[in-house]
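Here is a short briefing to read alongside the structure. Take a moment to look it over, and then we will walk through the ligand site and the aromatic rings.

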Amino acid sequence: MTPMSADTALARITTALHRRGLTLDTPPAAPLPRGSYAHRGGPGEPGDPAWHHQQRVEVALERWQRLTPPRYTHARTTHPGVSAWADSVAADQRTAPSLLLWGPTGTGKTHHAFAATHRIAQAGPPRFALTFTTHPDLYSALRPGGHDDGERERTMRRLLATPLLVLDDLGTARESEWTGEILYRVINHRYNQQLPTLITTNHAPAALPGVLGDRIASRLIQMTTRIEITGPDRRLTR
Ligand SMILES: Nc1ncnc2c1ncn2[C@@H]1O[C@H](COP(=O)(O)OP(=O)(O)OP(=O)(O)O)[C@@H](O)[C@H]1O
Ligand SMILES: [Mg+2]
């Protein structure tokens, strides 16, 4: 077996950690001689902050690409308000607000949602984890009967705790007592934990209490920056 150099071993370990969303990026206090076991490389090598940033960008973009449906893989931010929101999430997920994009059908809300998450990935945050669901899919994944209890519990935990949740088409699902409870659990948890959530809806903010009830709407209004997306239905004007 050919012995592996310390540099190669470190590069492999660092890359493997990055693929799992972890970092090993604390450089030593003083540079050690090249070839020693703790050597951190110069520009473009493990230990160089720019190298680690580039690794994070690549891993995040790879995840984004995997999660994004083909129709939206070309989506890039062009809306200043959406870009500003994405930048606030990239800067610090703990302090960023959530975002509510609202407007008529076909104006580009889902496009902007994927564009925003691409911009966040492109910034190379320390951990990029994204969950995307539509409102009807959320209920269908959690409805008893379709999936076993363990599977539903894992889905619920992911929806509650994912660092970044996109909830598309809010207000398009048929509501019942059960769905109201599920949606309340998701929104209330993300509200309490201040976890960034990007919501799209055809409903104006003032209509949300009538569609989702006062308790959910009240939380949504407080936790989100709201942007109206206007224009023609792009599906009909292409
Ligand atoms: N800025 C844009 N540049 C290029 N294509 C766009 C842009 N915005 C939207 N589109 C395209 O227009 C179509 C409609 O956009 P999208 O699906 O985002 O609309 P929507 O507002 O989410 O509609 P709905 O409310 O029905 O869900 C899609 O094919 C999308 O790829
Ligand atoms: Mg949409």
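Let's begin at the ligand: a polar side-chain atom of Asp169 is found 3.4 Å from an oxygen atom of ligand 1. Please keep in mind that this is a predicted model.

**Around ligand 1**
- Asn202 also places a polar side-chain atom by the ligand, 2.9 Å from an oxygen atom of ligand 1.
- For Arg235, an N or O atom of the side chain is 3.0 Å from an oxygen atom of ligand 1.
- On its own, ligand 1 exposes 630 Å², and the protein buries 87% of that area.
- Ligand 1 is surrounded by 16 residues, and the closest are Tyr72, Thr105, Gly106, Lys109 and His111.

**Aromatic pairs**
- Rings count as a pair if their centres lie within 6.5 Å, and by this rule there are three aromatic pairs.
- Tyr72 and Phe114 form a stacked pair, because their ring centres are 5.3 Å apart and their planes meet at 20°, where stacked calls for planes under 30 degrees apart.
- Tyr72 belongs to the loop between α2 (49-67) and α3 (80-91), while Phe114 belongs to helix α4 (residues 109-122), so their pairing ties together parts 42 residues apart in sequence.
- Buried or exposed, what are Tyr72 and Phe114? Both Tyr72 and Phe114 are buried.
- Ring pairs join Tyr72, Phe114 and Phe132 into a cluster.

**A charge over a ring**
- Arg219 has its charged end over the ring of Tyr191, 5.8 Å from the ring centre.

Terms used. Residues numbered from 1 in each chain as written. Chains lettered and ligands numbered in written order. Predicted model: local features only at pLDDT ≥ 70, side-chain atom pairs only at ≥ 80, totals over all residues. Heavy atoms only, no water. Phe/Tyr/Trp six-rings, centres within 6.5 Å; stacked < 30°, edge-to-face > 60°. Helix = DSSP H or I, 4+ residues; strand = E, 2+ residues; numbered from the N terminus. Buried < 20%, exposed > 50% of the residue type's maximum accessible area, 1.4 Å probe, protein only. Lys NZ or Arg CZ within 6 Å of the ring centre and 35° of its normal. Near = heavy atom within 4 Å. Polar contact = N/O pair within 3.5 Å; in protein donor to acceptor, adjacent residues only side chain to side chain. Areas by Shrake-Rupley, 256 points an atom, 1.4 Å probe, with all protein chains shown as cover.
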